[in-house]
Amino acid sequence: MNAVVFSFTKAGTALGGRAAAFLQQNGWQVRRATLAKFAVPPAVSFDPSLREETGRAFQSARLLLFVGAAAIAVRSIAPFIRKKDQDPAVIVIDEKGQFVIPILSGHIGRANDWARQLAEAIGGQAVITTATDVNALFAVDEWAAKAGLRLSSLTEAKAFAAGLLERGRAGLYSEFPIEGPLPPGLVMTTDCETGLIVTTKENLSLFQTAVMVRPTILHIGIGCRRGTSSSAIENVVSSALKEANLSKEAVADVSTIDVKRDEEGLLAFAKGQSWPIYFFSAGELNDVPGSFTASSFVRQTVGTDNVCERAAVKASGGGKLVVSKKAGQGITVAVACESYILRFLNV
């Protein structure tokens with residue numbers, strides 16, 4: 001994780017050093033940029049200007065920390081603001097360290113969370129202004145970002161937040177077991193106008209207004225003939241997911257047997273979907289416990305009786321097959337879902 005700490009005075013640069021040390025202790029790679037007259041290593045001068053330094057930071061960093069006036073930060077970042085799900089976290093600290101203020105990407109970029117931690121580290125006060133936080137209600141986008149979950153859309157997340165704020169409560173449906181208490185405002189019921197749905201499904205209509213949140217826990221196993229095109233593989237995979245009402249947003253990876261390491265169509269398919277691809281030996285696949293759709297032809301050809309189902313279960317860490325072997329166009333596809341427990345920790 002990359003962060004850039006900006007400062008503009010002698011006192012601000014000193015405080016920026018304290019903040020940078022805290023971030024580094026928490027795994028951040030930190031660049032400290034300041035005016036030339038305060039640029040004592042490891043702090044460096046803006047290269048070649050504050051505007052260009054800020055522009056680069058927006059492209060490469062996940063956190064921008066300005067030690068100084070909020071107006072300087074606002075004017076600096078204004079030309080580079082893009083979209084809520086793309087912008088880095090931006091935080092302002094006054095040069096005496098009294099107030100720590102997240103001003104951009106408070107939830108998805110976790111600016112609110114880091115502001116609270118920074119405030120505690122330097123002895124200041126975090127100033128949080130997002131509506132769900134000031135009303136002590138659940139912020140679905142912040143929770144999803146922390147937990148590595150995928151939101152169905154920011155529009156739906158915004159509508160969910162508005163419904164929760166208006167009524168003070170929202171329903172929850174989860175296809176997974178839940179461990180621990182629910183956050184403020186969430187009720188385990190579908191008898192609400194507004195609701196949160198935690199699922200691997202593509203479509204699930206339970207609330208008038210809903211946001212769907214998906215863990216990436218589906219693992220696709222694929223077998224194919226030599227020379228199969230990426231488009232053919234995509235068609236069969238998409239058909240299998242659609243038939244089972246499973247969302248691509250819940251897919252973690254693709255896997256197959258190691259003799260397919262150089263299969264161009266399969267590699268191109270995985271790359272096109274931005275899914276990692278894993279290869280298992282016949283021995284590894286044969287060691288996967290369970291009942292699978294066996295083929296003597298496949299066993300004679302590659303050394304295991306089933307590639308797609310065994311690979312999917314192997315990649316899922318021994319999960320459950322939710323799509324058994326589907327075949328078409330010389331391609332076999334199966335999907336396994338790893339075990340998952342829903343938790344609302346530190347929200």
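Me: A salt bridge is a side-chain nitrogen of Lys or Arg within 4 Å of a carboxyl oxygen of Asp or Glu. What makes Asp113 and Lys146 a salt bridge?

Reply: The distance does. The closest N and O atoms of Asp113 and Lys146 are 4.0 Å apart. The cut-off is within 4 Å, so the pair counts. Asp113 sits in helix H4 (residues 111–122) and Lys146 in helix H6 (residues 140–147), so the bridge ties together parts 33 residues apart in sequence. Helices (H or I, at least four residues) and strands (E, at least two) are DSSP runs, numbered from the N terminus. Two notes on the source. This is a predicted model in which local features need pLDDT of at least 70, side-chain atom pairs count only at pLDDT 80 or more, and totals for chains, interfaces and linings use all residues. Residues are numbered from 1 along each chain as its sequence is written, and side-chain values use heavy atoms, with hydrogens and water left out.

Me: Why is Asp113 called buried?

Reply: Buried means under 20% relative accessible area, exposed over 50%, and partly exposed in between (1.4 Å probe, protein chains only). Asp113 has 11% relative accessibility, so it counts as buried. Lys146 has a relative accessible area of 30%, which makes it partly exposed.

Me: What else does Asp113 meet in a salt bridge?

Reply: Arg110. The N to O distance between these two side chains is 2.3 Å. Arg110 is at 22% relative accessibility, so it counts as partly exposed.

Me: How many salt bridges does the structure hold?

Reply: It holds 15. Some join up: Arg226, Lys260, Asp262 and Glu263 are linked in a network of salt bridges.

Me: How do you know that the buried residues of H7 line one face of the helix?

Reply: The buried residues of H7 are Ala157, Phe160, Ala161, Gly163 and Leu164. Seen down the axis of H7, they fall within an arc of 165 degrees, so they line one face. The arc is that of the directions from the helix axis to the C-beta atoms. On the other side of H7, Thr155, Lys158 and Glu166 are exposed. Just after H7, Gly168 has a positive phi of about 80 degrees.

Me: What makes Phe6 and Phe66 a stacked pair?

Reply: Rings of Phe, Tyr and Trp (its six-membered ring) pair if their centres lie within 6.5 Å; planes under 30 degrees apart count as stacked, over 60 as edge-to-face and the rest as tilted. By this rule there are eleven aromatic pairs. For Phe6 and Phe66 the centres are 4.4 Å apart and the planes 5 degrees apart, so the pair is stacked. Phe6 is in strand S1 (residues 2–7) and Phe66 in strand S4 (residues 63–67), 60 residues apart. Both Phe6 and Phe66 are buried.

Me: Why are Phe138 and Phe344 called edge-to-face?

Reply: Their centres are 5.7 Å apart and their planes stand at 80 degrees, so the pair is edge-to-face. Phe138 is in the loop between helix H5 (131–134) and H6, and Phe344 in the segment after strand S19 (342–343), 206 residues apart. Phe138 and Phe344 are both buried.

Me: What makes S8 and S11 edge strands?

Reply: The open sheet has five strands in the order S8-S13-S12-S9-S11, with mixed pairing. Strand S8 (150–151) and strand S11 (186–187) each pair on one side only. Two strands pair if DSSP finds at least two bridges between them. Two bridges join S8 to strand S13 (residues 209–214), so S8 and S13 pair. They run antiparallel.
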